[in-house]
Amino acid sequence: MIEPLANEDVMPYWLYCSRASEVYSIAGDHETAFEFLEKAVENAPMNSTALIDLAMACVKRRREVDRAEKLLGRVDPATLADMTGPFFDYVNGVIELRRGNPKQAIDKIEEVIPRVQVYRHASPLVGLWLDEFHTMLAIAYATIGEYETSRSLFVQSRPRLLALRNIYLIDDYLEADPTFNTGNSQDPYRP
């Protein structure tokens, strides 16, 4: 279905790989999605978007913090576009969280949200990203025991996470807040 787009006349190959990764991720094939992100970086080794996307996948899905930091180290933050810069900073926030620094993660992620929120009406994907940011922020708050704030953020984002089958992020939250309960015994994911 997407293979006809793997044509340099249609789009750069790194961009095709990046978009193919999104398709496979939504389809639940996360291993193939990750492989496409790696191909994007192989084909555009200095492309900031490709580097940030792979770093994000490394730190979120595989918890490969060192690799994510190395990838981000190849990005010059001064050259990032207004819409790309927040994602660079967000990945750095997730790195802080994975390194056991939830307060630093909270500071970084809270700073990113308003910078992305201004684009909320530009694309439905922005809402998806904001839900992810809120969930990572919820995880950071749960890590420091601020469950009321944490749950408020998570409950807002959870419906879209479920709809898009973003189960790994829900699992990450439930690991940080094992007492979370939806109050619904019919809940398909969490009784």
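Me: Of the contacts in the chain with a separation of 6 or more, what share comes from residues 24 or more positions apart?
Reply: Those residues account for 53% of them. Contact here means heavy atoms within 4.5 Å.

Me: What kind of model is this, and how are residues numbered?
Reply: This is a predicted model, where local features need pLDDT of at least 70 and side-chain atom pairs count only at pLDDT 80 or more, while totals for chains, interfaces and linings use all residues. Residues are numbered from 1 along each chain as its sequence is written, and side-chain values use heavy atoms, with hydrogens and water left out.

Me: Switching to the surface. What share of the residues counts as buried?
Reply: 45% of the 191 residues. Buried means under 20% relative accessible area, exposed over 50%, and partly exposed in between (1.4 Å probe, protein chains only).

Me: How much accessible surface is there?
Reply: About 9900 Å², of which 52% belongs to carbon and sulfur atoms. The areas come from the Shrake-Rupley method with a 1.4 Å probe; for residues, only the protein chains shown count as cover.

Me: Where is Arg-98, and is this residue buried or exposed?
Reply: Arg-98 sits in helix 5 (residues 85-98). Arg-98 is buried, at a relative accessible area of 19%.

Me: Which residues is Arg-98 in contact with, leaving aside neighbours within four places in sequence?
Reply: Val-59, Lys-60, Arg-63, Val-65, Met-136 and Asp-172.

Me: New topic. How many salt bridges does the structure hold?
Reply: The structure holds 13. A salt bridge is a side-chain nitrogen of Lys or Arg within 4 Å of a carboxyl oxygen of Asp or Glu.

Me: Which residue does Glu-31 form a salt bridge with?
Reply: Arg-62, with the closest N and O atoms 2.7 Å apart. The pair links distant parts of the chain, 31 residues apart: Glu-31 is in helix 2 (residues 30-43), and Arg-62 is in the loop between helix 3 (48-60) and helix 4 (65-73). Glu-31 is partly exposed at 44% relative accessible area. Arg-62 is partly exposed too, at 32%.

Me: What about the side chain of Arg-67, which one does it meet in a salt bridge?
Reply: Arg-67 meets Glu-38, at 2.9 Å from N to O. Arg-67 lies in helix 4 and Glu-38 in helix 2, so the pair ties together parts 29 residues apart in sequence.

Me: Which residues are linked in a network of salt bridges?
Reply: Glu-38, Glu-64 and Arg-67.

Me: Last one. What is the salt bridge partner of Glu-69?
Reply: Arg-99, with the closest N and O atoms 2.5 Å apart. Glu-69 lies in helix 4 and Arg-99 in the loop between helix 5 and helix 6 (102-117), so the pair ties together parts 30 residues apart in sequence.

Note on methods. Helices (H or I, at least four residues) and strands (E, at least two) are DSSP runs, numbered from the N terminus.
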